[in-house]
Amino acid sequence: MLKPFLAPLAALALIAGPAAAIAAGLEIEIAGEGANGTVTIDLFEDVAPNHAERLTALAARGAYDGVAFHRVIDGFMAQTGDVQFGKVEGGDMSRAGMGGSDLPNLEAEFSDVPFDRGVVGMARSQDPDSANSQFFIMFKAGHFLNGQYTAVGRVTDGMEVIDAIKRGKGQNGAVIGRPDAMNVVTVTE
């Protein structure tokens, strides 16, 4: 039996429960030489609220549409989200990975969420508080990233599409030729 002062809290939790379960996410239509299909990502609004809000804000205004997967390292991750230079049409692919959005950089929101297969992390420079628009999706676990990068979401459907993304070359994973891209990115609930 609940103590009298806990009963109102329990009732509030029941009321808030279903609403809290509705989380924002992204639906990404990917196309290219390697990958073709749709990927669904649930965002960790409770773990990285500022980063989740940034991804949804940029997606809602169409900033991610047509942006390339510019850095893809086999067995590690696929990186995208350079809305400044990474557009396949009209961008500067020689500078892809160096840009961000017109919004300010974000402070890190490190958590205990492990970087397992399918986890989405925010890309950044050496400064932990430099994430802006770029993100990466893990092909397999990379626990050396734990506590070093902000985990912002997880692929819930379409991981086979991620697995098919055109791989890059060399140590930095730069994609040669025309990269696969996010054609359309939509915010979901």
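**Strand 2 and strand 8 run antiparallel and are paired over 4 bridges.** Two strands count as paired when DSSP finds at least two bridges between them, and both helices (H or I, at least four residues) and strands (E, at least two) are DSSP runs numbered from the N terminus. One of the bridges joins Ile41 to Val155 of strand 8. All views show a predicted model, in which local features need pLDDT of at least 70 and side-chain atom pairs count only at pLDDT 80 or more, while totals for chains, interfaces and linings use all residues. Residues are numbered from 1 along each chain as its sequence is written, and side-chain values use heavy atoms, with hydrogens and water left out.

**The whole sheet is open, with 9 strands in the order 3-9-1-2-8-6-7-5-4 and antiparallel pairing.** The edges are formed by strand 3 (67-68) and strand 4 (71-73), each of which pairs on one side only. Strands of a sheet pair through backbone hydrogen bonds, either parallel or antiparallel.

**Strand 1 and strand 2 make a hairpin that has 5 residues between the two strands.** The two strands run antiparallel and are joined by 6 bridges; one of these links Gly25 to its partner Asp42 in strand 2.

**Strand 6 is paired with strand 8 and also with strand 7.** Buried means under 20% relative accessible area and exposed means over 50%, with partly exposed in between (1.4 Å probe, protein chains only).

**Phe115, Phe136 and Tyr149 are linked into a cluster by ring pairs.** Rings of Phe, Tyr and Trp (its six-membered ring) pair if their centres lie within 6.5 Å, and planes under 30 degrees apart count as stacked, over 60 as edge-to-face and the rest as tilted. The whole structure holds 4 aromatic pairs, among them the edge-to-face pair of Phe136 and Tyr149, with 6.0 Å from centre to centre and 85° between the planes. Because Phe136 lies in strand 7 and Tyr149 in the loop between strand 7 and strand 8, this pair ties together parts that are 13 residues apart in sequence. Phe136 is buried at 4% relative accessible area, while Tyr149 is partly exposed at 23%. Arg124 lies over the face of Tyr149, 4.2 Å from the ring centre; such a charge counts if NZ of Lys or CZ of Arg is within 6 Å of the ring centre and within 35 degrees of the ring normal.

**Thr150 is placed in the loop between strand 7 and strand 8.** With a relative accessibility of 3%, Thr150 counts as buried. A polar atom of the Thr150 side chain lies 3.0 Å from the backbone nitrogen of Glu109. Leaving aside residues up to four places away in sequence, Thr150 touches several others, including Ala48, His51, Phe115 and Met122.

**His70 sits in the loop between strand 3 and strand 4.** This histidine, His70, is buried, with 10% relative accessible area. The side chains of His70 and Gln134 make a polar contact at 3.4 Å, which here is a pair of N or O atoms within 3.5 Å; within protein, one must be able to donate a hydrogen and the other to accept it, and residues adjacent in sequence count only if both atoms are side-chain atoms. Although His70 and Thr80 are 10 residues apart along the chain, 5.9 Å separates their C-alpha atoms.

Methods. Contact = heavy atoms within 4.5 Å.
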